[in-house]
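Hi there,

Here is the structure I promised to pass on. My notes follow below it.

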Amino acid sequence: MKRYESWGKYPTAHHKIYPLQWRTDKLDMATFDRTVLPFGQGRSYGDSCLNDGGILLDTEGLNRLISFDREKGILRCEAGLTLDKILELIVPQGWFFPVTPGTKYVSVGGCIANDVHGKTHHREGTFGHHVSCFELMRSNGERLLCSPTENEELFRATIGGLGLTGLITWAELTLKPIKSPFIRMESIKFENLDKFFEVSAESDEKFEATMAWVDCLSQGESLGRGIFMGGNFAEPPFDKTPTGRSKTLFTVPINAPNFALNTLTSRAFNYLYYNKQRIKIQRSLLYYEPFFFCCAVYRL
């Protein structure tokens, strides 16, 4: 049975569910006797995807591809379609999302409503920068085409609007071309926060995608130590290539017992994670999935 909760599973909320199946269905939200909010995949932080005591419009059924221009990289789809399904189509065709969050199990409508960002933020901005238009259904059932040139105020208010301006039924996205599905990554150990800022400044121009793990429990001269990771989509030919996708070892969030998370266990984990990389700079070639969505790497 599907559970309607946020990514952190808190707070608990109770809803009346209204499942959506077709983007063309008539839906007069003014007839509802409670407040209404669209719901995607429930990966939002906090309670932004919840509507306690109200109605959730479950968009999971709006999961169809409408069109895909393989030459220009223009994709139009229903708002409930998830990034993982789109990636299965576009990556073999030489395209990728300019911006993707740390999970691919999110809907296009959710990405727009939260204006998500990712590892390419310093170059590509947020998800909304690459949305060319969408259809917005208002609470009275009116459907509006929104773009930078048509219904512009609603277009900009809906991107990052958390579903409060209406229901996105479909959207059109601009993709980025890639030469392969592989990433050339550098993992750089840094000793403290000062070193982090140095590495980060040097890497902005070098890498199209960056991220960092920081040990927030370290102290003294090691305050803020961590591992900085930067990567670019690789161009063939390759001397050696990864075999393909990595297997998912676990999913998050994990329902661990309360005693498992404390200062002692956190310090132990941070120590092991920081010291798992023995050398200053480690270079890897890996499939895009473990780089953008999990932590496994293929070492050369």
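This is a predicted model: local features need pLDDT of at least 70, side-chain atom pairs count only at pLDDT 80 or more; totals for chains, interfaces and linings use all residues.

To begin with a spot on the chain: in which loop is the place of Lys-72? Lys-72 lies in the loop between strand E4 (65-69) and strand E5 (74-78); helices (H or I, at least four residues) and strands (E, at least two) are DSSP runs, numbered from the N terminus. Lys-72 counts as exposed because its relative accessibility is 60%. For that label, buried means under 20% relative accessible area, exposed over 50%, and partly exposed in between (1.4 Å probe, protein chains only).

Residues are numbered from 1 along each chain as its sequence is written, and side-chain values use heavy atoms, with hydrogens and water left out.

Now the overall picture. The protein chain has seven helices and 14 strands. Its C-alpha trace spans about 60 × 50 × 35 Å along the principal axes. A compact globule of 300 residues would have a radius of gyration near 19 Å, and the 21 Å of the protein chain agrees with that; the radius is taken over C-alpha atoms, and the globule rule is 2.2 Å times the number of residues to the power 0.38. Of the 300 residues, 47% are buried. Among contacts (heavy atoms within 4.5 Å) between residues at least 6 apart in sequence, 68% join residues at least 24 apart.

Next, the interior. In soluble globular proteins, nonpolar side chains tend to be buried together. A nonpolar core here is a set of buried Ala, Val, Leu, Ile, Met, Phe, Trp, Tyr and Cys residues joined through side-chain atoms within 4.5 Å. The largest one has 50 residues, and Ile-90, Phe-134, Tyr-288 and Phe-292 have the most contacts inside it. Not counting residues up to four places away in sequence, Ile-90 touches Phe-68, Leu-75, Trp-95, Phe-96, Phe-97 and Leu-175. Another core, of nine residues, lies apart from the largest one and includes Leu-20, Met-29, Phe-32 and Leu-167.

Leaving aside neighbours within four places in sequence, Ala-79 is in contact with Leu-62, Ser-107, Val-108, Gly-109, Ile-168, Thr-169 and Trp-170. The C-alpha atoms of Ala-79 and Ala-268, 189 residues apart along the chain, are separated by 42 Å.

Then there is Ser-222, in the loop between strand E12 (209-214) and strand E13 (226-233). Ser-222 is partly exposed, with a relative accessible area of 29%. It touches Glu-191 and Asn-192, again not counting residues up to four places away in sequence.

Finally, some backbone details to check on screen:

- The peptide bond from Tyr-10 to Pro-11 is cis, with omega near 0 degrees; Pro-11 sits in the segment before strand E1 (16-19).
- Pro-236 and Pro-237 are also joined by a cis peptide bond, with omega about 10 degrees; Pro-237 is in the loop between E13 and helix H6 (263-275).
- Asp-115 is not a glycine, yet has a positive phi of about 40 degrees. It lies in the loop between helix H2 (108-114) and helix H3 (121-124) and is partly exposed at 22% relative accessibility.
- Leu-162, not a glycine either, has a positive phi of about 60 degrees. Its loop runs between helix H4 (152-158) and strand E9 (167-174), and Leu-162 is partly exposed at 36% relative accessibility.

Best wishes
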